[in-house]
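Trainee: Could we go through this model together? I would like the terms set out as we proceed.

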Amino acid sequence: MAEKKQTVPFSGTKEQEEALLQAIAELKDEKGALMPILQKTQDIYGYLPEEALKMISDQTGIPMEKIYGVATFYSQFSLYPKGKYRISVCLGTACYVKGSGDIYNALMEKLGIVGGECTPDGKFSLDACRCVGACGLAPVMMINDEVYGRLTVDDIDDILAKYE
């Protein structure tokens with residue numbers, strides 16, 4: 001059985017639910033409607049909450065298994081919320097040989113989460129990526145759109161403190 005990821009509680013609003021129901025109503029009769037509906041859902045919520053996937057299934061008649069199959073196949077979709085500050089550590093070759101694996105492990109320890117998770121307060125989420133195109137600055141991580149390069153494990157506390 002797959003380990004359940006730590007997540008923040010679902011906190012959808014009535015406005016989000018109405019926007020989702022409207023999007024489903026507009027798209028559900030089109031051929032191949034599931035992808036655009038999932039994209040719209042992620043635009044509304046920032047990820048694909050189980051509660052929203054259930055609404056999609058109920059409104060379209062598409063079985064949950066098929067919805068999960070599509071949602072987990074495509075990397076653009078996330079079943080878990082992202083933090084206010086999305087941390088992405090490059091584990092591409094140039095960064096990895098210069099120590100990005102140690103940085104990624106240190107972040108998991110300091111934040112108390114594993115890759116793909118969000119801290120319980122919703123502040124930070126952590127993911128690995130393969131290349132951000134800044135190999136000359138290896139090892140590299142990004143927080144939202146801010147790039148941090150030539151990192152060491154000792155730099156992490158000072159960087160995270162900027163976002164506290």
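Mentor: Let us begin with a definition: angles under 35 degrees count as roughly parallel, over 145 as roughly antiparallel, 65 to 115 as roughly perpendicular and the rest as oblique. The model is predicted, so local features need pLDDT of at least 70 and side-chain atom pairs count only at pLDDT 80 or more, while totals for chains, interfaces and linings use all residues. Residues are numbered from 1 along each chain as its sequence is written, and side-chain values use heavy atoms, without hydrogens and water.

Trainee: How do α2 and α4 lie relative to each other, roughly parallel or roughly perpendicular?

Mentor: The axes of α2 and α4 (residues 64-73) cross at roughly 70° and come within 11 Å, and the two helices are therefore roughly perpendicular. Axes here are lines fitted to C-alpha atoms, for helices over the stretch in contact, with angles from 0 to 180 degrees between N-to-C directions. Helices are DSSP runs of H or I with at least four residues, and strands are runs of E with at least two, numbered from the N terminus.

Trainee: Which residues meet there?

Mentor: From α2, Leu34, Met35 and Leu38 meet Lys66, Ile67, Val70 and Ala71 of α4. Contact means heavy atoms within 4.5 Å.

By class, this contact has six nonpolar, no polar and one charged residues. Nonpolar covers Ala, Val, Leu, Ile, Met, Phe, Trp, Tyr, Cys and Pro; charged covers Asp, Glu, Lys and Arg; the others, Gly among them, are polar.

Trainee: What about Gln42, buried or exposed?

Mentor: Gln42, found in α2 (residues 34-45), has 17% relative accessibility and therefore counts as buried. The classes are buried under 20% relative accessible area, exposed over 50% and partly exposed in between, with a 1.4 Å probe and protein chains only.

Trainee: Which residues does Gln42 contact, neighbours within four places in sequence aside?

Mentor: Gln42 is in contact with Tyr47, Leu48, Gln76, Phe77 and Ser78.

Trainee: Changing topic, where is Lys54?

Mentor: Lys54 is in helix α3 (residues 50-60). With a relative accessible area of 43%, Lys54 is partly exposed. Its C-alpha atom is separated by 17 Å from that of Asp43, eleven residues apart along the chain.
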